[in-house]
Amino acid sequence: MSDVVYCTLMIIAIGEFSVGILGNAFIGLVNCMDWINNKKIVSIDLILTCLATSRIFLLCVILLDCFILMLYPDVYATGKQMRIIDFFWTLTNHLSIWFATCLSIFYFLKIANFFHPLFLWMKWRIDRAIPGILLVCLAFSVFISFPVTENVNDDFRLCVKSKWKTNLTLRCREKKAQYAFIKVYLNLLTLFPFSVSLMSCLLLSLSLWRHIRQMQHIATGARDPITDAHVGAMKAVISFLLLSIAYYLSFLVATSSYFMPETELAVMIGELIALIYPSSHSFILILGHNKFRQASLRVLRKVTHALKKINF
């Protein structure tokens, strides 16, 4: 790649990274301040804090991989560094997906209105179960991250780089195919939490439809908070589902790049698309959550006031 392309891609990556860190750090900071002031943390804030933390680390891993790939490609000459990057990328990726799924389930149980005994039992138990569920998600993500590191041996990266030097041997092709298969297989495991989030969204839609039908018989001009809660939750879940699809399409681009002539360019494009998911969804959560929205407005007012003082 030319120097102009390198600089352009790096500027875009740094911009996406900065936006993502700002949004996720804001969520974590607001929740931590509430935790300190109130001496306790509610379930939704705990989920959002864990989700924001996982996405901050995911952003750091993706940007680090971008820097190494473009500025110090020889660091990947052996499999040791690649193991570390792949382990933390897989770990933070799965944590982010599972924590987002926990958020979808929490929205569904707290907002939806059904009268099935199992649903009512889960609705009653969810607050006490959230800390344990989050710990299980952490343990499961750590467990499934190890197979990626075991599959990357010391000469894998040399096989990747050999396409510029010599013809690919059958052995190198087999190693790349095996590595790509493991990566795709492990990420296919996220289809389960994705399906759970999709089901939560569909059930929220059903609950909203039933609620609107009931409200049609009540002629009031007042704002309906239940409808607003349904719509806000569905926006958060639907945006997560759409961004997840884009994220995994970018992952497929990055994984298949090992069989393409321009590996580095394909990986960079895939990683730039991947950065959109953890960066943008945080702002959707901020805009859809009244506490974060009010806090952001207070911050903007203070910044505007400070800038006016500087100008005068």
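The legends below describe close-up views of one predicted protein model.

Residues are numbered from 1 along each chain as its sequence is written, and side-chain values use heavy atoms, with hydrogens and water left out. Because the model is predicted, local features need pLDDT of at least 70 and side-chain atom pairs count only at pLDDT 80 or more, while totals for chains, interfaces and linings use all residues.

**View 1. Overall fold of the protein.**
The protein has ten helices and zero strands. Helices (H or I, at least four residues) and strands (E, at least two) are DSSP runs, numbered from the N terminus. In sequence order the pattern reads α-α-α-α-α-α-α-α-α-α. Of the 312 residues in the protein, 44% are buried. Buried means under 20% relative accessible area, exposed means over 50%, and partly exposed covers the values in between (1.4 Å probe, protein chains only).

Helix α1 (residues 3–38) has 36 residues and spans 52 Å from its first C-alpha to its last, close to the expected 52 Å. The expected span of a helix is 1.5 Å times one less than its number of residues. Helix α2 (residues 43–71) has 29 residues and reaches 42 Å between its end C-alpha atoms, close to the 42 Å expected. Of the 29 residues of α2, 21 are buried, so this helix is largely enclosed by the rest of the structure.

The axes of α1 and α2 come within 9 Å and cross at roughly 160°. Axes here are lines fitted to C-alpha atoms, for helices over the stretch in contact, and angles run from 0 to 180 degrees between N-to-C directions. The two helices α1 and α2 are therefore roughly antiparallel to each other; angles over 145 degrees count as roughly antiparallel, under 35 as roughly parallel, 65 to 115 as roughly perpendicular, and the rest as oblique. The crossing of α1 and α2 is left-handed, a term used if the near helix is turned anticlockwise from the far one by less than a right angle, with right-handed used if clockwise. By class, the contact of α1 with α2 has 18 nonpolar, five polar and two charged residues. Ala, Val, Leu, Ile, Met, Phe, Trp, Tyr, Cys and Pro count as nonpolar, Asp, Glu, Lys and Arg as charged, and the others, Gly among them, as polar.

**View 2. Lys39 in the loop between α1 and α2.**
Lys39 lies in the loop between α1 and α2, just after α1. The phi of Lys39 is near 65°, a positive value in a residue other than glycine. Most residues other than glycine have a negative phi. With a relative accessibility of 71%, Lys39 counts as exposed.

**View 3. The salt-bridge network at Lys291.**
Asp34, Asp45 and Lys291 are linked in a network of salt bridges. A salt bridge is a side-chain nitrogen of Lys or Arg within 4 Å of a carboxyl oxygen of Asp or Glu. Lys291 pairs with Asp34, where the closest N and O atoms are 3.1 Å apart. Lys291 lies in helix α10 (residues 290–311) and Asp34 in helix α1, so this pair ties together parts that are 257 residues apart in sequence. Lys291 also forms a salt bridge with Asp45, at 2.8 Å from N to O. Asp45 belongs to helix α2, so its pairing with Lys291 of α10 ties together parts that are 246 residues apart in sequence. Asp45 is buried, with a relative accessible area of 8%. Lys291 is partly exposed at 21%, and Asp34 is partly exposed at 23%.

**View 4. The salt bridge between Lys110 and Asp127.**
The count of salt bridges comes to three. One of them joins Lys110 to Asp127, with the closest N and O atoms 2.6 Å apart. Lys110 lies in helix α3 (residues 79–111) and Asp127 in helix α4 (residues 117–151), so the pair ties together parts that are 17 residues apart in sequence. Lys110 has a relative accessible area of 34% and is partly exposed; Asp127, at 33%, is also partly exposed.

Ile269 lies in helix α9 (residues 263–288). From C-alpha to C-alpha, Ile269 and Leu9 are 8.1 Å apart in space, and they are 260 residues apart in sequence. Ile269 counts as partly exposed, at 40% relative accessibility.

**View 5. Buried positions in helix α7.**
Helix α7 (residues 191–215) has 25 residues and reaches 36 Å from its first C-alpha to its last, close to the 36 Å expected. The buried residues of α7 include Pro193, Ser197, Ser200, Cys201 and His211.
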